[in-house]
Amino acid sequence: MLSRLPGRKWVFSNGPQHYVEAMIEHLRIGHLFEEVFGIERFGHPKPRVAAFRRVLRQSGIAAERCIMVEDSAANLRTARQLGMRTVWLSQQKRKPCWVDYRISSLSQLPRLAVSAGPAA
């Protein structure tokens, strides 16, 4: 399913770099991600703005061209403040105003009418 999604993909996790890399390799999806950002790579935990800005700077892409898929509403709030579009993975029925889309399963991602724009 991830391979069918358009655009470049990154992992941005508060977990240690070695753990995040091991998890995506264990799931056999590591090849689908252009970059993996464990907490050592951005210095401050999400949802701090400094963490997001560092990842954006390292990725070389503007926030307005990003879509953040996340299970933490607090992390999505920061993403939205910076101009990203937001997708919340949650079973909750109501979504905060800073969440653009709410899904209950990652399998719903391909059905969203979300675009990060050309070459994103």
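Start with strand S3, residues 67-70, and strand S4, residues 85-89: the two pair in the parallel sense over four bridges. Keep in mind that this is a predicted model.

Zoom in on one pair. Select Ile 67, and opposite this residue you find Arg 85 in S4. Now follow the chain from S3 to S4. The path runs through helix H4, residues 73-81. This β-α-β crossover is right-handed.

**Next strand**

Select strand S5, residues 101-103. S5 pairs with S4 in the parallel sense, over three bridges. Pick Val 87 to see one of these places: the bridge partner of Val 87 in S5 is Tyr 101.

Which residues of H4 are buried? Select Ala 73, Asn 75, Leu 76, Thr 78 and Ala 79. Now show what covers these buried residues: the cover includes H3, S3 and S4. Then step just past the end of H4. There, Gly 83 takes a positive phi of about 105°.

**Lys 46**

Select Lys 46 next. Look for Lys 46 in the loop between helix H2 (39-42) and helix H3 (49-59). Is Lys 46 buried or exposed? Its relative accessibility is 10%, and buried means under 20%, so Lys 46 counts as buried.

What does the side chain of Lys 46 reach? Select Phe 12 and show its backbone oxygen. A polar atom of the Lys 46 side chain lies 2.7 Å from that oxygen. Now widen the selection. Beyond its neighbours within four places in sequence, Lys 46 is in contact with Phe 12, Ser 13, Asn 14, Ala 51, Phe 52, Met 68, Glu 70 and Asn 75.

**Leu 56**

Last stop: Leu 56, in helix H3. Leu 56 has a relative accessible area of 13%, which means that this residue is buried too. Which residues touch Leu 56 from beyond four places in sequence? Select Ile 61, Ala 62, Ala 63, Cys 66, Leu 82 and Met 84.

Finish with a distance. Pick the C-alpha atoms of Leu 56 and Cys 66. These residues are ten apart along the chain, and their C-alpha atoms are separated by 9.1 Å.

Technical notes. Residues are numbered from 1 along each chain as its sequence is written. This is a predicted model: local features need pLDDT of at least 70, side-chain atom pairs count only at pLDDT 80 or more; totals for chains, interfaces and linings use all residues. Side-chain values use heavy atoms; hydrogens and water are left out. Two strands pair if DSSP finds at least two bridges between them. A crossover is right-handed if, with the strands pointing away from the viewer, the path from the first strand over the helix to the second runs clockwise. Buried means under 20% relative accessible area, exposed over 50%, partly exposed in between (1.4 Å probe, protein chains only). A polar contact is a pair of N or O atoms within 3.5 Å; within protein, one must be able to donate a hydrogen and the other to accept it, and residues adjacent in sequence count only if both atoms are side-chain atoms. Contact means heavy atoms within 4.5 Å.
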